[in-house]
Amino acid sequence: GKVTLKVSTNNRGGKKLLKSATVYTNDKKNPQLKLLITGEVEKFVTIRPKQVRLNGVAGQEIKRRVAIIPAPKYPFKIIRARARNGKDIFFQLSEEKSENGEKYALTVENKRKLKGNYFDIITLETDSKIRPELQIRVYGRLRQPAENQKKNE
């Protein structure tokens, strides 16, 4: 017989992979076979930081920068960027040159003026068949300005 297994390698670039699977058979001597899948997952991209945290005081500028660096073996272009919601954030993608080729800078800025928390995802569409999309999670945690806190006490 033939067994086909698919293993997700998302967020495992540059790490060892160790997964197991059990195959159930109708063979009375070997009703179960344990398979072990091991290997190194090649790095496709470096994203630093992996997620964006926009924490601070509501109404003040809160901005973070994310570096997106394609692995030399797997070059790609980012062809489009979009936010799932986009209500609380502004973002801008720029292309930069590096010694190893192209790299990108994603600047994410808080737009929200009121205290509270929010979550969004920025999806980067690539021209790669290996990873046609990259996702950056954005977490916002805004507290009210100090002068407003004193008024409310």
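Val 57 stands opposite Arg 143, a residue of strand β10. The model is a predicted one, in which local features need pLDDT of at least 70, side-chain atom pairs count only at pLDDT 80 or more, and totals for chains, interfaces and linings use all residues. Residues are numbered from 1 along each chain as its sequence is written, and side-chain values use heavy atoms, with hydrogens and water left out.

**The sheet**

Strands β4 and β10 pair in the parallel sense over 7 bridges. Two strands count as paired if DSSP finds at least two bridges between them. Such pairing runs through backbone hydrogen bonds, either parallel or antiparallel. β4 and β10 belong to an open sheet of 4 strands, with the order β4-β10-β9-β6 and mixed pairing. β4 (51-57) and β6 stand at the edges and have a single partner strand each, so one side of each is left without a neighbour in the sheet. From one strand to the next, the twist averages 20°; axes here are lines fitted to C-alpha atoms, for helices over the stretch in contact, and angles run from 0 to 180 degrees between N-to-C directions.

**The chain as a whole**

The chain has 1 helix and 10 strands. These are DSSP runs numbered from the N terminus, with helices (H or I) of at least four residues and strands (E) of at least two. Read from the N terminus, the order of elements is β-β-β-β-β-β-β-β-β-β-α.

The radius of gyration of the chain is 22 Å, whereas a compact globule of 153 residues would have one near 15 Å. That radius is taken over C-alpha atoms, and the globule rule is 2.2 Å times the number of residues to the power 0.38. Along the principal axes, the C-alpha atoms fill a box of roughly 75 × 45 × 25 Å. Of the 153 residues, 29% count as buried. Buried means under 20% relative accessible area, exposed over 50%, and partly exposed in between, with a 1.4 Å probe and protein chains only.

**Aromatic pairs**

The structure holds 3 aromatic pairs. Rings of Phe, Tyr and Trp (its six-membered ring) pair if their centres lie within 6.5 Å; planes under 30 degrees apart count as stacked, over 60 as edge-to-face and the rest as tilted.

The ring centres of Phe 44 and Phe 76 are 5.0 Å apart and the planes stand at 10°, so this pair is stacked. Phe 44 lies in the loop between β2 (32-40) and β3 (45-48), and Phe 76 in the loop between β5 (63-70) and β6 (78-83), so the pair ties together parts that are 32 residues apart in sequence. Both Phe 44 and Phe 76 are buried. Together with Tyr 74, Phe 44 and Phe 76 form one aromatic cluster.

A tilted pair is formed by Phe 119 and Tyr 139, with 5.1 Å centre to centre and 50° between the planes. Phe 119 is in strand β9 (residues 116-126) and Tyr 139 in strand β10 (residues 133-143), so parts 20 residues apart in sequence are tied together by the pair. Phe 119 is partly exposed at a relative accessible area of 35%, and Tyr 139 is partly exposed at 26%.

Tyr 139 also has a charged neighbour: Arg 53 lies over the face of its ring, at 4.6 Å from the ring centre. A charge sits over a ring if NZ of Lys or CZ of Arg is within 6 Å of the ring centre and within 35 degrees of the ring normal.

**Salt bridges**

The structure holds 8 salt bridges, each a side-chain nitrogen of Lys or Arg within 4 Å of a carboxyl oxygen of Asp or Glu. The table gives some, including two made by Glu 125.

| Salt bridge | N to O distance |
|---|---|
| Arg 80 and Glu 125 | 3.0 Å |
| Arg 82 and Glu 125 | 2.4 Å |
| Glu 102 and Lys 97 | 2.6 Å |

Arg 80 lies in strand β6 and Glu 125 in strand β9, so their bridge ties together parts that are 45 residues apart in sequence. Arg 82 is likewise in β6, so its bridge to Glu 125 in β9 ties together parts that are 43 residues apart. Glu 125 is buried at 18% relative accessibility, while Arg 80 is partly exposed at 44% and Arg 82 partly exposed at 29%.

In the bridge between Glu 102 and Lys 97, Glu 102 is partly exposed with a relative accessible area of 21% and Lys 97 is exposed with 68%. Shared partners join Arg 80, Arg 82, Glu 125 and Glu 133 into one network of salt bridges.
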